[in-house]
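Let's take a walk through this structure together. Have the sequence and the 3D view side by side as you read.

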Amino acid sequence: IGQTPRNPLYHKPPMFRALLVALDRWVTEGQAPPESQYPRIEDGTLVTVEAFNEAFPDIPEVNKPEVHYEPLRLDFGPRWDEGIADIVPPEIGKPYRTLVPMVDEDGNELAGIRLPDIATPLGTHTGWSLRAEEHGAEGMLAGLDGSYITFPLTAEEREESGDPRSSVHERYSSRAEYLSQIAEAASELEAQGFLLPQDAIEMIRRAAARDKW
């Protein structure tokens, strides 16, 4: 239902495999899990939507989000902590301030577990998608869908379209160079405890099946 193709990033290897193993080792052996990669205000990786939109590249025919979720403060009365609502409907207060992850020059998030497809990208992966006109509510956030906008293949394509992002061939001179960087990113995540060895190998194998050179 989005204006852009859906984000294909496969997040399960770290989330449901490597970090589950890390959790088990933490509980059973007292071995600390990998360091948190969550975006933070203090290092500039968690910012306002305005700062995000300023940093996100102006990709041709790609609209940026203009709204984001801001939970309302609801006052149900003094006994709400006990599960008793004295004010129904609740009094509505000022919305909570919410922030979003900062992005790099390609539009990919700076913080988080940067999987090989983010560390060595072939396109822009986002955690948001805007609804297309034919599905109604055009421009509103499309549920839990993310977006994927591929890079131009060559410098000529980039210049013709006016895309500010470097092309695939400008980033990686050959398939071998691309796979070398993918392997390096996968190995680093494995060393940090965010990928199991077999999952790191599988991500390299998937990357090897892509042929853009």
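What follows goes from the overall layout to the pockets, then to a pair of helices and a few backbone details.

First, some housekeeping: this is a predicted model, in which local features need pLDDT of at least 70 and side-chain atom pairs count only at pLDDT 80 or more, while totals for chains, interfaces and linings use all residues. Residues are numbered from 1 along each chain as its sequence is written, and side-chain values use heavy atoms, with hydrogens and water left out.

Start with the big picture. The chain has seven helices and six strands, where helices (H or I, at least four residues) and strands (E, at least two) are DSSP runs numbered from the N terminus. Follow the sequence along and you get the pattern α-β-α-β-β-β-α-β-β-α-α-α-α. The C-alpha trace spans about 65 × 55 × 35 Å along its principal axes.

Now for the empty space. Rolling a probe the size of a water molecule over the atoms shows where empty space is left. The search here uses a 1 Å grid over the protein atoms alone: a cavity is a set of points where a 1.4 Å probe fits but cannot get out, a pocket is an open set with protein on both sides within 12 Å along at least five of seven lines, and lining residues have an atom within 4 Å of a point. Grid points are joined across faces, edges and corners, and a volume is the space filled by probe spheres set on the points.

The largest pocket holds about 1,500 Å³ of space. It is lined by 44 residues, and Pro-101, Glu-109, Thr-126, Gly-127 and Trp-128 are the closest to its centre. At least two lining residues come from each of α1 (12-29), α2 (49-55), β4 (100-101) and β5 (123-126), with α1 giving the largest share, three residues. Sorted by class, this lining has 25 nonpolar, 15 polar and four charged residues; here Ala, Val, Leu, Ile, Met, Phe, Trp, Tyr, Cys and Pro count as nonpolar, Asp, Glu, Lys and Arg as charged, and the others, Gly among them, as polar.

The second largest pocket comes in at about 290 Å³. Among its 18 lining residues, Leu-9, Tyr-10, Asp-117, Arg-206 and Arg-210 lie nearest the centre. Helix α7 gives the most to this lining, with five residues, and the classes split into 12 nonpolar, one polar and five charged.

There is also a cavity of about 30 Å³, lined by Gln-3, Thr-4, Glu-61, Val-62, Asn-63, Trp-128 and Leu-130.

Next, look at how two helices pack. Helix α6 (residues 175-192) and α7 meet at an angle of about 165°, their axes 9 Å apart; axes are lines fitted to C-alpha atoms, for helices over the stretch in contact, and angles run from 0 to 180 degrees between N-to-C directions. That makes α6 roughly antiparallel to α7, a label for angles over 145 degrees. In the contact (heavy atoms within 4.5 Å), residues of α6 including Tyr-178, Leu-179 and Ile-182 meet residues of α7, among them Met-203 and Ile-204. The residues of this contact divide into 11 nonpolar, no polar and two charged.

Finally, two backbone details. Most residues other than glycine have a negative phi, and most peptide bonds are trans. Val-88 and Pro-89, though, are joined by a cis peptide bond, with omega about -5°, and Pro-89 sits in the loop between β2 (74-75) and β3 (91-92). Glu-61 has a positive phi, near 65°, and lies in the loop between α2 and β2.

Notes. Parallel < 35°, antiparallel > 145°, perpendicular 65-115°, else oblique.
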